[in-house]
Amino acid sequence: MFGDASAYERYMGRWSAALAEPFLEAAAPGVPETVVDVGSGTGNLALAVAGRWRECAVLGVDPSPAYVRAAADRSAGAGRVGFVRGTADRLPLRDEAVDAALALLVLNFVPDPVLAVAEMVRVTRPGGVLAAAVWDYGSGMQPLRLFWDAASRLDPAARGQDEGSMPLAGRGQLATAWRTQGLAEVADGVLEVRRGYATFTDYWEPFLLATGPAGAHVARLGEPERLALRSELESRVGPGPLELTARAWWVRGTVPG
C-alpha cells in the first residue's frame, strides 16, 4: 500500500507536509543537534526539521526503498539531512544517539507500535524528546472519513477496513503509550490543518493510485463499483473547489535521566 512515492505525495503527502510545521511547533524539542525521523516516508518532516534548525543533523528511517530514494532526491542541498532504509522496531542507531526521536503519521501503521516506541526511547539520550502524531481517523480526518462513509454506504463489507480501528488513533492513546514506556513530562493535544482541492477530480484521482487502505479498497473494486463509489462521493462533497480539514493527535515526552 505504500510503495510509490509520487502516488503517496498526491494521496497524503500534501497533508503530512501541512502537518509537519504545526507538529514541530507543538512538540518542539528545544534546539536539537541530532534528530531521527522514524518512518520518514517521502521526507516531509525531515525537511521541516532541517528548515527549522539549520545546524541539526537529521536521519530519516523508512522501510520503503522507493520512499528513501525520493526523500534523498528532495533533500539534496537541504543541509545535514540523510535517509536510510530501516524499520521502526529496529532503528539503525546506537543507544542514546540522538537528541530527539520523532514519528509523524506512522506509528499506527507499524506492526508493533509498542516495540517502535521502545526503540525510539533506546536511541534517544536521557533528557531527550520523543514526539509523535497520528491522524484522528475515527472522525477528524475529513478527506478519508468522507471516503469511507461513502464506501460503507455502498458496501457494508467496507466497514472496519478504514484506519479508524488502528491502534493509537483515539484521544489519549498516544499519551498512554508514552507513559507506559516510562517517559516523563508527557504532554499531548490536538492539531488541525486545512487543505484545498481545486475540483472533485483533484480529490478523487489519488484514491485510484492503490496507496493506503482507501487506495487498496478502490483497487479491489470492479469498474461499475468504482464508478458508483465516485458518484456517491461526489454527491457528498460536490464538484469543487473543496476545502477539507484533518485533525491529528500529538504527544511529546522526555527520556528520564
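Helix 1 contributes four residues to the lining of the largest pocket, the most from any element. Hello everyone, let me start there. Please keep in mind that this is a predicted model, where local features need pLDDT of at least 70, side-chain atom pairs count only at pLDDT 80 or more, and totals for chains, interfaces and linings use all residues. Residues are numbered from 1 along each chain as its sequence is written, and side-chain values use heavy atoms, with hydrogens and water left out.

A few terms, then. Helices (H or I, at least four residues) and strands (E, at least two) are DSSP runs numbered from the N terminus. On a 1 Å grid over the protein atoms alone, a pocket is an open set of points with protein on both sides within 12 Å along at least five of seven lines, while a cavity is a set where a 1.4 Å probe fits but cannot get out; lining residues have an atom within 4 Å of a point. Grid points are joined across faces, edges and corners, and a volume is the space filled by probe spheres set on the points.

Back to the largest pocket: its volume is about 640 Å³. Which of its 36 lining residues are closest to the centre? They are Gly-39, Asp-62, Leu-105, Val-106 and Phe-109. Two or more lining residues come from each of helix 1, helix 2 (44-52), strand 2 (57-62) and helix 8 (212-220). Sorted by class, the lining has 20 nonpolar, eleven polar and five charged residues, where Ala, Val, Leu, Ile, Met, Phe, Trp, Tyr, Cys and Pro count as nonpolar, Asp, Glu, Lys and Arg as charged, and the others, Gly among them, as polar.

Now look at Ser-40, in the loop between strand 1 (34-38) and helix 2. Is Ser-40 buried or exposed? Ser-40 is buried, because its relative accessible area is 7%; buried means under 20%, exposed over 50%, and partly exposed in between (1.4 Å probe, protein chains only). Setting aside neighbours within four places in sequence, Ser-40 is in contact with Gly-60, Val-61, Asp-62 and Phe-83, contact meaning heavy atoms within 4.5 Å.

On to the packing. A nonpolar core is a set of buried Ala, Val, Leu, Ile, Met, Phe, Trp, Tyr and Cys residues joined through side-chain atoms within 4.5 Å. The largest one has 61 residues, and Phe-23, Trp-135, Phe-147, Tyr-203 and Phe-207 touch the most other members. Helix 1 (residues 5-27) gives the most to this core, with ten residues. Apart from it lies another core of 31 residues, including Leu-91 and Val-110.

Last, some backbone details. The peptide bond from Gly-240 to Pro-241 is cis, with omega near 0 degrees; Pro-241 sits in the loop between helix 9 (223-237) and strand 7 (242-254). Leu-168 has a positive phi of about 70 degrees although it is not a glycine. Glu-185, in strand 6 (residues 184-197), also has a positive phi, near 50 degrees.
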